[in-house]
Amino acid sequence: MRLVVLTGAGMSAESGVPTFRDALTGLWARFDPERLATPEAFRRDPDLVWGWYRWRAAQVQRVQPNAGHAAIAAMERDGIEVDVVTQNVDDLHERAGSTRVHHLHGHLLQSRCIDCGATAEPDPIVAPYEGGDEGRHEAPPRCARCSGLFRPGVVWFGEALPDDAWSAGISALERADGVVVVGTSGLVHPAASLPGLARWRGLHVLEINPQTSALTHDVDEHWAMTASAGLTRLAEELRSA
Ligand code: APR
């Protein structure tokens, strides 16, 4: 059996990573994330934006995958071919053991030169963090090759999605027998168009989310459950099917 699991920020909520639409805390509480996660914000105040991503990267490195991440990895071990197509920029699916994870919105724990694309080893975005829980402004490092500023490896609002992740997600949907959508408000396109594409192909779409979302009206089933409870139940049902 081939499954596509589309995940959003709610997938990582039980690991302690705030969802994108949770209110920000600390230094960032007064900012709207959608205004920080843009090329313009970085150009206007690189220390503020780089500092925010360094704070988020430190947060993600401190938490662990939850039972929902583990249930998806268990489905693979049970012989189900699983493609995870995620809007999340953390590495929790990979750390739980999922082997095919496609990041539509990039990677929080990677960074590169904004001008020439050069990377550095060790990656400066995962360097030890001294900003505490409050967070702080931090000047991004400069590229050794062209002295451009380093930027986080995430997709900012207004930027194109990485071709390889998007086409991997589309081809996974073309091969899939079913789709599970977990923990997304379904507000941000083009990621939010994938469940509709699956339905159009006649695939069964199950949504797992304690709330309804912009997608709920167009899915076959909605389990009003958390990611960990819903995915654990699904893994058990598939195992005994
Ligand atoms: N289990 C499952 N779902 C949950 C849980 C949980 N424990 N807790 C919250 N949720 C749901 C919420 O009900 C909400 O529908 O997760 C969803 C989170 O929605 P958003 O914060 O909007 O996150 P997401 O849909 O991933 O945002 C999409 O927006 O800002 C961009 O790039 C950013 O990738 C992000 C994208």
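I started with the rule: a salt bridge is a side-chain nitrogen of Lys or Arg within 4 Å of a carboxyl oxygen of Asp or Glu. The model is predicted, so I noted that local features need pLDDT of at least 70 and side-chain atom pairs pLDDT 80 or more, while totals for chains, interfaces and linings use all residues. Residues are numbered from 1 along each chain as its sequence is written, and side-chain values use heavy atoms, with hydrogens and water left out.

**Entry 1: a pair in helix α9.** I looked up E237 and R233, whose side chains form a salt bridge with N and O 3.0 Å apart. They sit four residues apart in helix α9 (residues 227-240), which puts about one helical turn between them. Helices here are DSSP runs of H or I with at least four residues, strands are runs of E with at least two, and both are numbered from the N terminus. I then checked exposure, where buried means under 20% relative accessible area, exposed over 50%, and partly exposed in between (1.4 Å probe, protein chains only). E237 is partly exposed at 39%, and R233 is partly exposed at 34%.

**Entry 2: a pair in helix α3.** E40 and R43 also form a salt bridge, at 4.0 Å from N to O. They are three residues apart in helix α3 (residues 39-44), again about one helical turn. E40 is partly exposed at 44%, whereas R43 is exposed at 61%.

**Entry 3: a pair across the chain.** Which residue forms a salt bridge with R175? I found D83, with the closest N and O atoms 2.9 Å apart. This pair links distant parts of the chain, since R175 is in helix α7 (residues 163-175) and D83 is in strand β2 (residues 81-86), 92 residues apart. R175 is partly exposed at 35%, but D83 is buried at 4%. Both belong to a network of salt bridges that links R2, E81, D83, R100 and R175.

**Entry 4: the whole protein.** How many salt bridges does the rule give? I noted a count of 15. The secondary structure comes to nine helices and eight strands. Of the 241 residues, 53% count as buried. I also noted that the C-alpha atoms fill a box of roughly 55 × 30 × 30 Å along the principal axes. Among contacts (heavy atoms within 4.5 Å) with a separation of 6 or more, 68% come from residues 24 or more positions apart.
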